[in-house]
Amino acid sequence: MKKRALGIYAALALAFLHLPLAVLVVFSFNSGRFTVWEGISLRWYSAALNDPQLAEGLLNSVIIAIVASVLATVIGTMAAYGMWKRSARVLEGGMLLSLVTPEIVTGVSLLALFQWVFRFLHLHLGMYTVIIAHVAFSIAYVMIVVSARLRGVDRSLEEAAMDLGANQWCAFFRVTLPGILPAVIAAALLALVVSFDDYVITSLVAGVDSETLPMVIYAMARRGVSPMVNAVSALILVLFGALIVLAERMREQ
Amino acid sequence: MNPRSWFLLPARVWMALFFAAPLAIVCAYSFLTRGDYGGVEYPWTFESYTRLADPLYLAILWRSLWIAGLSTAICVALGFPLALFVSRAGKRKNLYLQLVLLPFWTSFLVRTYAWLFILRDTGLINTVLSALHIIHSPLPLLYNDGAVLLGLVYSFLPFFVLPMYATLERLDPALAEAAADLGAPPWRTLWRVVIPVSKPGIIAGAVLVFIPCLGAYLTPDLLGGGKSVMLGNLVQNQFTTARDWPFGAAASLVLMLAGAILLVLLTTRRETKRLL
Amino acid sequence: MEPVLELRGLTKNYGAHRAVDGVSLTFERGGFYSLLGPSGCGKTTTLRMVGGFETPDAGEILLDGRSIAALRPWERDVSTVFQSYALFPHLTALENVAFGLRERRLANARERAMEALALVELAEKSARLPAQLSGGEKQRVALARSLVLQPKVLLLDEPLAALDPKLRKQMRAELKAMQRRTGITFLFVTHDQEEAMSLSDKLAVMNQGRIEQFASPEEVWLRPATRFAAGFLGAVNWFGATGIRPEVTFADRERPPGNGARRAIVESTLFLGNRLHVHVRCESGESAVAEVARGRDFADGESVWLWWNSADEMRFE
């Protein structure tokens, strides 16, 4: 009897979690401009796909996400590997701290850093500052995913390799890395998603010509009603959903 | 140098340059004076911190604390039964867990926007209600503390369910059976055994929700408008429009301090350490 | 007076697998009973059905003549001691023992719990948490926790399995003494035949969900009802449908009188302290073990005569 009540509650809770997104997606197909249903249409999708601002934002986001994700994955994987061999308390603590630091604080602190450096280097905010920032907060995510995988790896495999003549680098690249590759890929996908979705930090450290997709969406959402945002949102949901499912598959391997 | 240290080097450099140094700079800025055209200049002063004690800003701090606190409490109240359900789902445990987490993994911006779409004057709720002639003018559902609360709970509920589920899943089923055997009906078992034993998980989950809620920016920004200003909005404002960096830096530090204190408390308690 | 517990035709299926198949047993008040059998024979499932943690698919459970199959665990007047003890980690030993008493809203719960702890000789550790207790101590707390409620039947699910051998033997004696002292009916599940035989007034040998035999230890030992029961309780030398225990199988160099003896070749001899186990291979093909007194000496490959008294034979169809 109690189980029934719990089940009903769970169904309601899950509905609460999923319905807002479902509503968004459904209304992205609304041919009307407002929330009154006027029939099915794909006009907002075509509007979104043809919008130059969205296109530029998408391009920037993709470039930033890919570069940042690659860098973060390399650095984070190496860090996870280094920490597997010996504990690095300060680094580990710092990474965990970066995960709980509010985005606004990370954002303004990086902004402060860049502005201070620019006094001497005569540079401006641009895509590269965004990339730097994204790598900074993604490293921790990568480290966690790869560390989790490394915990299940048998150390004696590397020891055997080194016993047979391989040095540390060789042992890593030829013995350990191939084994944890699915987790590394999953971490990369995670870093990709995290970078792609970031608004707060990006908005603070982006230059005038490096608007990302979330920044464009934010501006559109703030300006008022536009089902174009629904369409873009639906597309993003599908994209992220696919990436996350892929990442999960990789992680389970 | 030890080859293993080489592996740690890139991360150490990056974190030092782009995480630690920036925070140090912010710390320093909080003790400096505001520059005429933005930025900072000498002299060193405590002025920014004393300004924070102004009732206006204390109100913002207070609002941030109670919104974050209430959001956390609601997440715990709503999330615990959900986590309980998933942990008892037998073979379908994983499926339900994925269902709970799936919205969480999609875009944060999109999820916040969804409530904007539903709650605003021309949004779904108002449109439906007026179409049914229940109301004649739109309800102001948006741009208040309640909307922010709703947005935060919606965004962070899965954040609580995950560690709570992990704790409940590890609970020895024999404990519940023993309680029943000794005469406790299910809700008494829950109250006297399950909840106390899973307390570390509850606390860990709560802290994991409280900290981001306290430093929330996007949710109060989109859903609260200018009416529900939290610390995160204050910080952003000072670093952009208001151009009062020292003040913004001081507010940032207060934010960080609150989070750091909680985190230290969390990681030093023996039971919760095991969870992490 | 009616029996304290009666199981009639108890059946439990898990999908296509029949875990408990028509189990019928009667338990008298104040006795120490065991369910004995190998892993998967259904003994734990049967116990859990009595406790209320599994629902029977068919059959009845009568406690003092009243059917309890429809009652939930907290409504039944039986108590279970779990294999993992299941002590509540956030409560002290005293609070653990007092748990059931508090559920019943008894005013003097604390005192009664102290008394129960004193009964298991753990009064001075009443303020300890389970994490601070040893395995044997945890087991005693679990026992006290159930006994303090004075259930009609105490169900014990392999409670000694997690203890080391020396402690096990010690706890066995304590359990038996406890049962005698309290007079509560004990129903004990184990896969250890030595344990079951040394503790029980009557034991039920279970195999694949069915009761092979329900009788006193001597009865099951000397006159096993089935081949399985015979083999599970102890070693048996099988000669077709006839079985002989090694303790009553003799080996000699000279041919004994009568015509029951067989020729056999010694394969190996194991020294066991006060006796020897001589492993032989009979001319007729079977292998057997004869238990002989210390001091005798058989060489590998030697030819001997194997014989026994027909009164010790166990015959099955």
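User: What is the order of the strands in the open sheet of 3 strands in chain C?

Analyst: This is a predicted model, in which local features need pLDDT of at least 70, side-chain atom pairs count only at pLDDT 80 or more, and totals for chains, interfaces and linings use all residues. Residues are numbered from 1 along each chain as its sequence is written, with chains lettered from A and ligands numbered from 1 in the order in which they are written. Strands (E, at least two residues) and helices (H or I, at least four) are DSSP runs, numbered from the N terminus, and two strands pair if DSSP finds at least two bridges between them. The pairing in this sheet of chain C is antiparallel, and the order is S11-S12-S18.

User: Which strands of this sheet in chain C stand at the edges, and why is one side of each left without a neighbour?

Analyst: S11(C) pairs with S12 (residues 242–244) of chain C in the antiparallel sense over 3 bridges, and Phe239(C) has Thr242(C) as its bridge partner in S12(C). Each edge strand has a single partner strand, so one of its sides has no neighbour in the sheet; the two are S11 (237–239) and S18 (314–315) of chain C.

User: Which chains share the most contacts?

Analyst: Two residues are in contact if their C-beta atoms, placed from the backbone, lie within 7 Å. Chain A and chain C do not touch, and their nearest C-alpha atoms are 12 Å apart. Of the 2 pairs of chains in contact, the one with the most contacts is that of chains A and B.

User: Which helix gives the most to the side of chain B that touches chain A?

Analyst: This contact takes 63 residues from chain B and 66 residues from chain A. By class, the chain B side has 48 nonpolar (Ala, Val, Leu, Ile, Met, Phe, Trp, Tyr, Cys and Pro), 12 polar (the others, Gly among them) and 3 charged (Asp, Glu, Lys and Arg) residues. The greatest contribution to that side, 18 residues, is from helix H1 (residues 3–29) of chain B.

User: Which helix supplies the largest share of the side of chain B that touches chain C?

Analyst: Here 15 residues of chain B are in contact with 18 residues of chain C. Helix H8 (173–181) and helix H9 (186–197) of chain B each supply at least two residues of the chain B side, which divides into 10 nonpolar, 1 polar and 4 charged residues. The largest share, 6 residues, comes from H8(B).

User: Is His133(B) buried or exposed?

Analyst: His133(B) is placed in the loop between helix H6 (124–131) and helix H7 (145–169) of chain B. Its phi is near 60°, a positive value in a residue other than glycine. With 7 C-beta neighbours inside 10 Å, His133(B) counts as exposed.

Technical notes
A residue is buried if 20 or more other C-beta atoms lie within 10 Å of its own, exposed if 12 or fewer, and partly exposed in between; C-beta atoms are placed from the backbone.
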